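Please read these points with the model open beside you.

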Amino acid sequence: MGQELQGQRHAAGCRFAIVVSRFNEEITLGLLKGAREVLEEAEVSAEDITIVHVPGAFELPAAARRLAETAQFDAVICLGCLIKGDTMHFEYIAAAASQGIMDAGQATGIPIAFGLLTTLTDEQAVARSSDGPDNKGREAALAAVEMATLFRQIAEQVQE
């Protein structure tokens, strides 16, 4: 019957980079806290986590791609926050950052987790970055852990 592979929630020995936007920092620091909690729960050592701060969401893809290209990380986690305002700026940045993050992962073959909030209100952003299970930084980190461990399993299958 073939094999079935899936990511794990234990990632000791895996290396992660977290790229976090300074724009809307009161929100992104909450996302970062949630991501760090998940990595700690996954038994990733502090020495295996690199945190990179960038100015805003638009810069997330370039930093993520550069980090992934080093081949030093099993996964990269992108964290940022865009809150819709009165102009089209939100739509342009959200689309460019989303596409750029996806392109970086595809170009490098390294999992890049999407933790970019795109909310309509400040209240929505706060709710998604507060402590607890609904923190989207936690979700992005969990996706990165599962993808990093899945990719390791795939690599082991190829070597056999």
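1. Does Glu139 count as buried, partly exposed or exposed? The model is a predicted one, and in it Glu139 counts as partly exposed, at 40% relative accessibility. Its salt-bridge partner is Lys136, with 3.0 Å between the closest N and O atoms. Lys136 is also partly exposed, with a relative accessible area of 27%. Both residues sit in helix H5 (residues 136-159), three residues apart, which means about one helical turn separates them.

2. The salt bridges come to 10 by count. One of them pairs Arg15 with Asp48, the closest N and O atoms being 3.9 Å apart. Arg15 belongs to the segment before strand S1 (16-21), and Asp48 to the loop between helix H1 (25-41) and strand S2 (49-54), so the pair ties together parts 33 residues apart in sequence. Arg15 is partly exposed at 24% relative accessibility, whereas Asp48 is buried at 18%.

3. Lys84 and Glu91 form another salt bridge, with the closest N and O atoms 2.5 Å apart. Lys84 is partly exposed, with a relative accessible area of 32%. Glu91 is partly exposed too, at 29%.

4. The count of disulfides is zero. Cys78 is in no disulfide either, its nearest cysteine sulfur being that of Cys81, 14 Å away. Cys14 is buried, with a relative accessible area of 2%, and Cys78 is buried at 0%.

Methods:
Residues numbered from 1 in each chain as written. Predicted model: local features only at pLDDT ≥ 70, side-chain atom pairs only at ≥ 80, totals over all residues. Heavy atoms only, no water. Disulfide = S-S within 2.5 Å. Buried < 20%, exposed > 50% of the residue type's maximum accessible area, 1.4 Å probe, protein only. Salt bridge = Lys/Arg side-chain N within 4 Å of Asp/Glu carboxyl O. Helix = DSSP H or I, 4+ residues; strand = E, 2+ residues; numbered from the N terminus.
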